[in-house]
Amino acid sequence: MEDILLKELTSRYVDSLPEREKVDYINDIAIYDVCGYMLKARPSVTVCLDCKHSVQCNELELPPDFNFDHFTGLRTRGNLIFVTVNMFQTFRVIESIIESHFNPISQMYAENSFEECITKISNAQILKLF
């Protein structure tokens with residue numbers, strides 16, 4: 001019981017996720033861009049100011065060594081949304097779980113894929129948003 005409790009507490013209060021060994025730069029740029037689109041398409045998500053600050057930022061608030069926002073920065077004319085590193089890392093983990101579930105591609109037709117993916121995501125140590 002103590003081990004389970006300790007694992008849950010450490011996963012809730014983590015500030016960063018370990019970096020992946022293999023980085024797919026194009027995929028990560030797409031994930032970052034989709035995260036911004038998700039926030040723009042759902043303005044009700046960011047009504048609470050604390051929630052908004054946990055997922056949305058401006059370009060200058062991002063770390064200087066963070067490169068996945070450059071494509072968004074090149075295309076914006078003040079309308080695109082920049083997301084925090086924590087939101088990006090969380091969705092990158094979710095994307096890798098879903099991608100590994102459907103690998104090989106024939107797995108796409110398996111029953112209960114949604115339930116299995118949700119179970120895997122809920123068991124993953126991802127950063128808590130909001």
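Which residues does V83 touch, not counting residues up to four places away in sequence? V83 touches Y32, C35, G36, L39, V55, Q56, C57 and L62, where contact means heavy atoms within 4.5 Å.

## Basis of the model

This is a predicted model, in which local features need pLDDT of at least 70 and side-chain atom pairs count only at pLDDT 80 or more, while totals for chains, interfaces and linings use all residues. Residues are numbered from 1 along each chain as its sequence is written, and side-chain values use heavy atoms, with hydrogens and water left out.

## The chain as a whole

The protein chain has six helices and two strands, and along the sequence these elements follow the pattern α-α-α-β-α-β-α-α. Helices (H or I, at least four residues) and strands (E, at least two) are DSSP runs, numbered from the N terminus.

Of the 130 residues of the protein chain, 28% count as buried; buried means under 20% relative accessible area, exposed over 50%, and partly exposed in between, with a 1.4 Å probe and protein chains only. Among the contacts in the protein chain with a separation of 6 or more, 70% come from residues 24 or more positions apart.

## Surroundings of V83

V83 belongs to strand β2, which covers residues 82–83, and with a relative accessible area of 0% it is buried. One of the residues that V83 touches is Y32; the two lie 51 residues apart along the chain, yet their C-alpha atoms are separated by 7.4 Å.

## Helices α2 and α5

Helix α2 (residues 25–41) packs with helix α5 (residues 85–101) at an angle of about 115 degrees, and their axes are 10 Å apart. Here axes are lines fitted to C-alpha atoms, for helices over the stretch in contact, and angles run from 0 to 180 degrees between N-to-C directions. The crossing of α2 and α5 is right-handed; a crossing has this hand if the near helix is turned clockwise from the far one by less than a right angle, and is left-handed if anticlockwise.

On the α2 side, the residues that meet α5 are N27, D28, I31, Y32, C35, M38 and L39, and their partners in α5 are M87, F88, F91, R92, E95 and E99. The residues of this contact divide into eight nonpolar, one polar and four charged, with Ala, Val, Leu, Ile, Met, Phe, Trp, Tyr, Cys and Pro counted as nonpolar, Asp, Glu, Lys and Arg as charged, and the others, Gly among them, as polar.

## Two salt bridges

A search of the whole structure finds two salt bridges, each being a side-chain nitrogen of Lys or Arg within 4 Å of a carboxyl oxygen of Asp or Glu. In one of them R92 pairs with D28, and the closest N and O atoms are 3.2 Å apart. Because R92 lies in helix α5 and D28 in helix α2, this pair ties together parts that are 64 residues apart in sequence. R92 is buried at a relative accessible area of 5%, and D28 also counts as buried, at 0% relative accessibility.

The other salt bridge joins D33 and R75, whose closest N and O atoms are 2.6 Å apart. D33 is in helix α2 and R75 in helix α4 (residues 70–75), so the pair ties together parts that are 42 residues apart in sequence. D33 counts as partly exposed at 21% relative accessibility, and R75 counts as partly exposed at 35%.
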